[in-house]
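Visitor: I have a model open and would like to learn how to read it. Can you take me through some features one by one?

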Amino acid sequence: MNKKKLLSLLAAAALAAGLLAGCGGTKTPDAPQDPAPAQNTPAENKTPEPAEDDGEDYTTGDASLDNPRNQDGIGEDELLVISFGTSYNDNRRLTIGAVEEAMELAFPDWSVRRAFTAQLIIDRLQRRDGEVIDNVGQALDRAVENGVKRLVIQPTHLMDGLEYNDVVNEAAQYADAFEAMAIGAPLLTSDEDFQIVAKVMAEAAAQYDDGKTAVCFMGHGTEAASNAVYAKMQQVMTGAGYANCFIGTVEAAPTLEDVLALVQAGGYERVVLQPMMIVSGDHANNDMAGDEEGTWKTVFENAGYEVECVLTGLGEYEAIQNLLTAHAQAAIDTLG
């Protein structure tokens, strides 16, 4: 690998690590992962990630209003925004699309392009709606074919976890293809990031601060050590005085049972549920707001609470779009 190009890539990684160190200690490595794929393993041969909505087809809005950002002939500077993805058409446009639009406004000299990491979502969108979205390997190949010289990658992932590191590892295989490459930090990296996101979440919950209503935010959760961001966010919100705000996850800790216990201990009468996710996709619509037994909504209802569900992904908030844009700017700055 060309030394200059590798140093450029590592500079951004070092920047992200330095920011994370400001969260109150040394960065904790992720939990053990499966062995990394061979360096030249084609993206299409990798084991697909679980899709967020691998079920029946259904209508989630007009896909034609969304911009897949896979155009060619884009110039020498590209900003590639990488997300897990969602097949909820309207929310994809309002969250991921809004983040991409914010970056287009902030960086008019850079061509903003899109990639998703969830292949099953990509396949579903093409089959159901005829919308073609690149996976990470296809997007990187497209950048090479377009003659891009400077590539900045900005993931929309919440944390420096397994998926974020998969993006870093796959991008590293292309470092020799560009004169310079840098990768931006995930959403929750520095202490300041946590404060900004906590304020966004608290302001969204402010209308329910009546002493009787608990606002519960549902995150995804991960087996990796980076799952600690949820406990840290709870500490930040509690420390800032947002006593009626509680955070749990679908697949890790804090669990739904943990959140229910906190709500019961607080003597609340009503519960508002919101996703702590960039998009309001399958998890928010089904695991959180669904009517089937075992969802967050039905568990709280069965416990005697009046429940309201707010299906707004974090990506819809301007402050979140601006924060991810700031991370992209920091990555651009490492290129000199």
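Guide: The model is predicted. Find Ile 153, which stands opposite Ile 183 in strand 4. Strand 3, residues 150-155, pairs with strand 4 in the parallel sense, over four bridges.

Visitor: What covers the faces of strand 4?

Guide: Take the two sides in turn. Ala 180 and Ala 182 lie on one side of strand 4, Met 181 and Ile 183 on the other. These four residues are all buried, and both faces of the strand are covered.

Visitor: Which strand pairs with strand 3 over six bridges?

Guide: That is strand 1, residues 77-83, and the pairing is parallel. Asp 77 stands opposite Arg 150 of strand 3.

Visitor: In what order do the four strands of the open sheet run?

Guide: The order is 2-1-3-4, with parallel pairing. Strand 2 (111-116) and strand 4 stand at the edges, each with a single partner strand, so one side of each has no neighbour in the sheet. From one strand to the next, the twist averages 20°.

Visitor: Now helices. How do I describe a packed pair?

Guide: Two packed helices are described by the angle between their axes and by the distance between those axes.

Visitor: Which residues of helix 3 and helix 12 meet?

Guide: Helix 3 brings Ala 98, Val 99, Ala 102, Met 103 and Ala 106. Helix 12 brings Gln 321, Leu 324, Thr 325 and Ala 328. The residues of this contact divide into seven nonpolar, two polar and no charged.

Visitor: How do the axes of helix 7 and helix 12 cross?

Guide: Read the angle and the distance again. The axes of helix 7 (residues 191-205) and helix 12 come within 10 Å and cross at roughly 165°. An angle over 145 degrees counts as roughly antiparallel. Helix 7 and helix 12 are therefore roughly antiparallel to each other. Helix 7 passes helix 12 in a left-handed crossing. On helix 7, the contact uses Asp 193, Ile 196, Val 197 and Val 200; on helix 12, Ala 319, Ile 320, Leu 323 and His 327. The residues in this contact are six nonpolar, one polar and one charged.

Visitor: What should I check along the backbone?

Guide: Most residues other than glycine have a negative phi, and most peptide bonds are trans. Look for departures from that. A cis peptide bond joins Ala 253 and Pro 254, with omega about 0°. Pro 254 is in the loop between strand 6 (245-249) and helix 9 (256-265). Then look at phi. Arg 69 is not a glycine, yet its phi is positive, about 50°.

Visitor: Where is Arg 69, and is Arg 69 buried or exposed?

Guide: Arg 69 sits in the loop between helix 1 (3-21) and strand 1. Buried means under 20% relative accessible area. Arg 69 has 4%, so it is buried.

Visitor: What does Thr 95 touch?

Guide: Thr 95 lies in the loop between helix 2 (89-94) and helix 3. Its relative accessible area is 0%, so Thr 95 is buried. Leaving out residues up to four places away in sequence, Thr 95 touches Ile 278, Val 279, Gly 313, Gly 315 and Glu 316.

How values were computed
Residues numbered from 1 in each chain as written. Predicted model: local features only at pLDDT ≥ 70, side-chain atom pairs only at ≥ 80, totals over all residues. Heavy atoms only, no water. Contact = heavy atoms within 4.5 Å. Helix = DSSP H or I, 4+ residues; strand = E, 2+ residues; numbered from the N terminus. Nonpolar A, V, L, I, M, F, W, Y, C, P; charged D, E, K, R; others polar. Buried < 20%, exposed > 50% of the residue type's maximum accessible area, 1.4 Å probe, protein only. Pairing = 2+ DSSP bridges. Axes fitted to C-alpha atoms, helices over the stretch in contact; angles between N-to-C directions. Parallel < 35°, antiparallel > 145°, perpendicular 65-115°, else oblique. Left-handed = near helix turned anticlockwise from the far one by under 90°.
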